[in-house]
Amino acid sequence: MTTTKARVVYSPVFTDGAEFRIPTFKLLKQDGSLYKGAKAPDLDKDKALRIYRAMVTTRILDERMLAAQRQGRLSFYMQCTGEEAAVVGSAAALDDADMIMAQYREQGALAYRGFTIDEFMNQLFGNELDYGKGRQMPVHYGSSKLNYMTISSPLATQIPQATGYAYGQKLAGDGHCTITYFGEGAASEGDFHAALNMAAVHRVPVIFLCRNNGYAISTPAAEQFAADGVAPRAYGYKMDVIRVDGNDILAVHEATRAARTLAVEHNRPVLIETMTYRLAAHSSSDDPSGYRSKDEEAVWREKDPILRMRLWLESKKWWSEDDEKQLQENMRREVLETMKRAQKRPPPALDTLVSDVYDEVPPALAEQFDSLKSHIRRHPDAYPKSAEHAKGGL
């Protein structure tokens, strides 16, 4: 049985969904002007500048930390370059108490909410001030105070988790929602479909935001699905959906603001597909020259979301060349100085491997831990950062 009344026919009728054409929502041209008939969202100067600074912070952090990885100072890194509007614009449309469940390229959302450069660096270097105590790979951030769920490496696991968390928010009735980010590659995982179905059936306040950046690592979108992107899949779950120019900060913000209203006030889950492009490699371990051309990249560099917003700010007399120069200089200096401090901080104490995992450490684990410390004491030169910690007891 279906949940809706269907038209009855008396000969075979097949449909492939081609009749459904999802438009792309745009507001801002690349020169910083609005499209004819477009209306900018209600952004005051302070919030607009907060958004822009978060975007620039993300870009500079990405540039510097990729360089640090290439220098051997960092083991791994993933950039958000080219996708800043999709991430920061959507995060800025939420209430700061709304939950964010990210994939691994959403550092801009943290920057917008106030995650400091110190906090970024402590996680990247896994030192004693890292909230994850050095247990996570770099860029696997998390912040309970900023309502940003800690990132996990397995692809798409955060999507059904977001549905479950949003169901709890619905029961609590506190007027908040959850947003979960993922790429179009993750949308091919089974978790994506399970999450959307659960969200639609139980009507929970969740926003599914797909960053369609053209590639699932090296696989182009054209080889991932035959349909018109990810957005049409929402029809299969009777879910509200919108496609947005992901490099248009104003359109992303307005679409997410409207989606949040649907989610929070009407318990209607929403799928947002942001059409953008990953200008950087998939990660510091990837070489995109093997699967895409420089000419293709150049086309998208002309659609830089940061430059687009900067031109809009300048048109409103909210930003200037001097402001830009000062922001760039100050941010680059802060990133470099903070990185040097973070590198010098010692690693987490050795006993943090188990100290907050169990209330009382099981005998078998305590025995293994003692064996580990004995091994480190016998070979201190091989474990210089851990040798000092190994002197003490559990």
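This is a predicted model: local features need pLDDT of at least 70, side-chain atom pairs count only at pLDDT 80 or more; totals for chains, interfaces and linings use all residues.
Lysine 317 is found in the loop between α9 (305-315) and α10, where helices are DSSP runs of H or I of at least four residues, strands are DSSP runs of E of at least two, and both are numbered from the N terminus. I begin with this residue for its backbone. Phi of lysine 317 is near 65 degrees, a positive value in a residue other than glycine. Lysine 317 also counts as exposed, because its relative accessibility is 72%; the terms here are buried for under 20% relative accessible area, exposed for over 50%, and partly exposed in between, with a 1.4 Å probe and protein chains only.

Residues are numbered from 1 along each chain as its sequence is written, and side-chain values use heavy atoms, with hydrogens and water left out.

Asparagine 147 also has a positive phi, of about 55 degrees, although it is not a glycine. Asparagine 147 lies in the loop between α4 (117-125) and β3.

Next, the domains. The assignment gives domain 1 (24-343) and domain 2 (350-390), with bounds that come from an automatic or database domain assignment. The C-alpha centres of domain 1 and domain 2 lie 38 Å apart.

I turn to the sheet. In what order do the seven strands of the open sheet run? The order is β1-β8-β9-β5-β4-β2-β3, and the pairing is parallel; two strands count as paired if DSSP finds at least two bridges between them. Strands of a sheet pair through backbone hydrogen bonds, either parallel or antiparallel. β1 (24-25) and β3 (148-149) stand at the edges, each with a single partner strand, so one side of each has no neighbour in the sheet.

Two bridges join β1 to strand β8 (residues 240-245), and the two run parallel. Phenylalanine 25 stands opposite valine 244 in β8. β8 in turn pairs with β9 in the parallel sense over six bridges, and valine 241 stands opposite leucine 271 in β9. Strand β9 (residues 270-275) also pairs with strand β5 (residues 206-212), again in the parallel sense, over six bridges. Here cysteine 210 has glutamate 273 in β9 as its bridge partner.

How many disulfides does the structure hold? The number is zero, a disulfide being a pair of cysteine sulfur atoms within 2.5 Å. For cysteine 80, the nearest cysteine sulfur is that of cysteine 210, 14 Å away. Cysteine 80 counts as buried because its relative accessibility is 0%. Cysteine 210 is likewise in no disulfide, and it is buried, with a relative accessible area of 0%.

Helix α5 (residues 158-172) lies across β2 (99-101), β3, β4 (178-183) and β5, running at about 170 degrees to β4; axes are lines fitted to C-alpha atoms, for helices over the stretch in contact, and angles run from 0 to 180 degrees between N-to-C directions. Glutamine 169 is found in α5. Is glutamine 169 buried or exposed? Glutamine 169 counts as buried, because its relative accessibility is 7%. Not counting residues up to four places away in sequence, glutamine 169 touches Met99, Asp174, His176, Cys177, Thr178 and Pro205, contact meaning heavy atoms within 4.5 Å.

Beyond four places in sequence, methionine 121 is in contact with Leu61, Met65, Val335, Thr338, Met339 and Ala342. Methionine 339 has its place in helix α10 (residues 321-344) and counts as buried, at 1% relative accessibility. Methionine 339 and alanine 68 are 271 residues apart in sequence but 9.2 Å apart in space, C-alpha to C-alpha.
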